[in-house]
Amino acid sequence: MKQLIKGAVCAIALALGTHAAQAESIALSTHVVNSTSRGIAMDGFDMVAYFTEGKPAKGKMEHRAEYKDRVWVFSSAENLNLFKENPEAYAPQNNGWCSWAVANGYAAEVDFVNGWFIDDDKLYLNWSEEVKERYLAKKDEMLPLTHANWDQVHSGLQDGTAKFFAHSAKPELGYIHPQPLPES
């Protein structure tokens, strides 16, 4: 059974563009966190910056912490310290997977630059800005579905049964991961 689960997780990891070594570590982890093939959570974005700066910022390796079996990076020592004090306050909902997708029973990558919003002091990420806007238009309906479906979607990510959509499956959208910040 362990080999079956490991194989399923490896298949998801390959679909995510990760390497076999990371796939094995995902299979052994209790958390399936949105991260790069190098184990950097959230494409290297500083999750605290969404709250403190009101916009996305890239983290730096000199400001890092381990959380949920991944490396989380921050743009400043201050943001790193805030995260260390209370990681649950700053970590995105659904381990960084698309809120719209989770509400609909599957998993998907996210747009860290334009697909985010904060509601009730919680960070949510979505596939794209358009999907975020659709989510927000139905927020009263979508939020409860997201929360209700997360455990099932997360279990499916762990055992390889969850449907998963990667930006790489739609190259016309122009997303690459790790996602860069646009030039100012």
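This report walks through a predicted model of one protein, from its overall fold to selected residues.

## Overall fold

The protein holds eight helices and six strands. Along the sequence, these elements follow the pattern α-α-α-β-β-α-α-α-β-β-β-α-α-β. The chain has 184 residues, and 48% of them are buried.

Contacts across the sequence are well represented. Take the contacts with a separation of 6 or more: 59% of them link residues 24 or more positions apart.

Strand 1 and strand 2 run antiparallel and are joined by five bridges.

Strand 2 covers residues 70-74, and four of its five residues are buried, so the strand is largely enclosed by the rest of the structure.

## His63 in strand 1

His63 belongs to strand 1, residues 60-67. Is His63 buried or exposed? His63 counts as buried because its relative accessibility is 16%, below the 20% cut-off.

His63 touches Trp72, Val73, Phe74, Ser75, Ser76, Ala77 and Leu80, leaving aside residues up to four places away in sequence. Two of these contacts can be described further. A polar atom of the His63 side chain lies 3.5 Å from the backbone nitrogen of Ala77. Leu80 is 17 residues from His63 in sequence, with a C-alpha to C-alpha distance of 6.0 Å.

## Nonpolar cores

The largest nonpolar core has 33 residues. Which members touch the most other members? They are Met42, Met47, Trp72, Phe83, Cys98 and Phe112.

Leaving aside residues up to four places away in sequence, Trp72 touches Val33, Ala41, Met42, Met47, His63, Arg64, Ala65, Tyr67, Phe83, Ala91 and Pro92. Another core, of 10 residues, lies apart from the largest one; among its members are Val102, Trp150, Val153 and Leu157. In soluble globular proteins, nonpolar side chains tend to be buried together.

## Helix 8

Helix 8 spans residues 139-159, 21 residues in total. From its first C-alpha to its last, helix 8 reaches 29 Å, close to the expected 30 Å. Where does helix 8 bend? The bend is at Trp150, by about 45°.

The buried residues of helix 8 are Met142, Leu143, Thr146, Asn149, Trp150, Val153, His154, Gly156 and Leu157. Just after the helix, Gly160 takes a positive phi of about 85°.

Strand 4 (residues 116-119) pairs with strand 5 (residues 122-125) in the antiparallel sense, over four bridges. Trp116 has Leu125 of strand 5 as its bridge partner. This hairpin has two residues between the strands, and Asp120 takes a positive phi near 55° there.

Lys132 lies in helix 7, residues 129-137. Lys132 is buried because its relative accessible area is 12%, under the 20% limit. Leaving aside residues up to four places away in sequence, Lys132 touches Asn114, Gly115, Trp116, Phe117 and Asn126. With Asn114, there is also a polar approach: a polar atom of the Lys132 side chain lies 3.4 Å from the backbone oxygen of Asn114.

## The segment after strand 6

Gln179 is found in the segment after strand 6. At 7% relative accessibility, Gln179 counts as buried. Its side chain has a polar atom 2.7 Å from the backbone nitrogen of Phe112. Gln179 touches Asp43, Phe45, Lys58, Val110, Asp111, Phe112 and Val113, again leaving aside residues up to four places away in sequence.

Pro182 is also placed in the segment after strand 6. Why does Pro182 count as exposed? Its relative accessibility is 53%, and the cut-off for exposed is over 50%. The C-alpha atoms of Pro182 and Val113 are separated by 8.2 Å, though the two residues are 69 apart along the chain.

Technical notes: Residues are numbered from 1 along each chain as its sequence is written. This is a predicted model: local features need pLDDT of at least 70, side-chain atom pairs count only at pLDDT 80 or more; totals for chains, interfaces and linings use all residues. Side-chain values use heavy atoms; hydrogens and water are left out. Two strands pair if DSSP finds at least two bridges between them. Buried means under 20% relative accessible area, exposed over 50%, partly exposed in between (1.4 Å probe, protein chains only). A polar contact is a pair of N or O atoms within 3.5 Å; within protein, one must be able to donate a hydrogen and the other to accept it, and residues adjacent in sequence count only if both atoms are side-chain atoms. Contact means heavy atoms within 4.5 Å. The expected span of a helix is 1.5 Å times one less than its number of residues. The bend at a residue is the angle between axes fitted to the seven residues ending there and the seven starting there. A nonpolar core is a set of buried Ala, Val, Leu, Ile, Met, Phe, Trp, Tyr and Cys residues joined through side-chain atoms within 4.5 Å.
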